[in-house]
Amino acid sequence: MNFLDRNEFNFEPSQKVVDAIRNFDPKDLCFYTRIYDQGKKSVISVRLSEIYNVPEERILLGYGGEDILKNVVHYFLMVGERKTILIPEFSWWYYNRIAGECGGNFEMYPLHETEDTFAYDVDEVIEYTNRIHPRMLLLASPNNPTGNGLTPAEIGRIMENIPDDTMVLIDEAYASFISTDTAYIAPLVDKYDNLIISRTLSKFYGLPGLRVGFGFIGKGHDQFISFINKYLGFNRFSEAVALAALDSDEHYRKVADDMEWGRQLYKRELDMLPGFKVYKSVANFILIKYPLEISDELKKALALNDYKIKFMTDKGLESCVRITLGRREQTQAVCDTIKRVFLKK
Ligand SMILES: Cc1ncc(COP(=O)(O)O)c(C=O)c1O
């Protein structure tokens with residue numbers, strides 16, 4: 001089966017990752033890491049601190065990005081009186097769930113459909129945040145499932161114009177596929193104490209099964225850092241693989257090029273067909289509006305070819321599919337199937 005429904009990685013891990021797994025010494029698992037003796041949480045946070053230029057103590061680590069998001073939302077909604085998180089109208093369902101788990105509630109701000117994307121209206125996000133004054137504001141960049149992102153300048157403008165007792169959590173799980181810029185992170189988290197940026201090795205680095213997420217937080221949150229940290233260290237096997245992945249950007253950039261090939265193929269082949277719209281994507285998936293009446297046929301045809309894509313059910317996106325960008329032959333097969341089913345109607 002070709003799973004193009006959950007934004008996983010349909011390519012090969014880098015050679016460095018493969019070597020790190022093969023050369024891992026099982027005896028390393030017989031001991032806790034000793035790095036906490038030096039006041040550091042993990043070899044990964046030490047390496048991330050060098051790459052992103054953020055002090056090690058303000059690097060967050062977790063069991064995937066989901067764990068960072070969950071810890072952040074649970075902590076900040078549970079400590080203090082205000083229990084609301086403001087999230088984008090179309091976004092990952094998991095944000096609502098983790099807010100609900102700790103007795104929090106959510107409100108939504110709109111995303112606006114434009115000619116080729118769903119866009120944040122930065123002024124509107126600022127207005128909503130000032131009016132509602134939530135405990136947390138969630139921004140996702142790139143956003144799942146719409147595929148659009150925010151620029152560092154837009155993030156800066158939001159941070160500058162909202163109350164500083166609203167914690168801002170930017171979910172950047174899908175970062176790096178298009179933009180390679182990471183230099184904006186350190187100045188932002190150095191300047192704004194109420195900012196957290198969450199990333200992961202699951203998407204660009206293609207290791208969702210490894211379960212490693214990381215993040216960056218503004219100054220002055222020692223109690224939260226103690227809450228999220230693991231006292232006896234992290235998984236030593238995952239650490240070895242993560243270090244190899246972080247050292248393999250060249251390999252994963254090539255993969256990102258294949259994904260760009262896929263974006264262009266969908267745009268070229270489907271965008272001009274009546275009833276279709278291929279949204280701009282800066283992530284490892286693409287959102288495509290299609291004529292809903294072909295839905296049943298399309299599901300059947302894809303299943304026959306052993307392909308799974310995501311048929312959206314979110315209110316307002318019912319006529320869309322979200323397709324993970326896979327290998328070129330997979331993209332070609334899905335694109336051909338959609339076209340064939342449509343032209344037969
Ligand atoms: C928007 C978004 N954020 C974060 C994640 C977390 O992924 P992981 O826990 O594998 O890092 C996902 C996974 O699909 C996602 O869609």
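This short talk goes through a helix, the cysteines and a cavity in the structure above.

Please keep in mind that this is a predicted model, in which local features need pLDDT of at least 70 and side-chain atom pairs count only at pLDDT 80 or more, while totals for chains, interfaces and linings use all residues. Residues are numbered from 1 along each chain as its sequence is written, and side-chain values use heavy atoms, with hydrogens and water left out.

Eleven of the 14 residues are buried, meaning under 20% relative accessible area with a 1.4 Å probe and protein chains only, and among them are I68, L69, V72, V73 and F76. Just after α3, G80 takes a positive phi of about 105 degrees.

Turning to the cysteines, a search of the whole structure finds zero disulfides, a disulfide being a pair of cysteine sulfur atoms within 2.5 Å. For C335, the nearest cysteine sulfur, that of C320, is 16 Å away. C335 is buried at 0% relative accessibility, and C102 is also buried, with a relative accessible area of 13%.

Finally, what classes of residue line the largest cavity? The lining has six nonpolar, two polar and two charged residues, and it includes Y52, E172, R199 and F214.

Key. On a 1 Å grid over the protein atoms alone, a cavity is a set of points where a 1.4 Å probe fits but cannot get out, and a pocket is an open set with protein on both sides within 12 Å along at least five of seven lines; lining residues have an atom within 4 Å of a point. Ala, Val, Leu, Ile, Met, Phe, Trp, Tyr, Cys and Pro count as nonpolar, Asp, Glu, Lys and Arg as charged, and the others, Gly among them, as polar. Buried means under 20% relative accessible area, exposed over 50%, partly exposed in between (1.4 Å probe, protein chains only). Helices (H or I, at least four residues) and strands (E, at least two) are DSSP runs, numbered from the N terminus.
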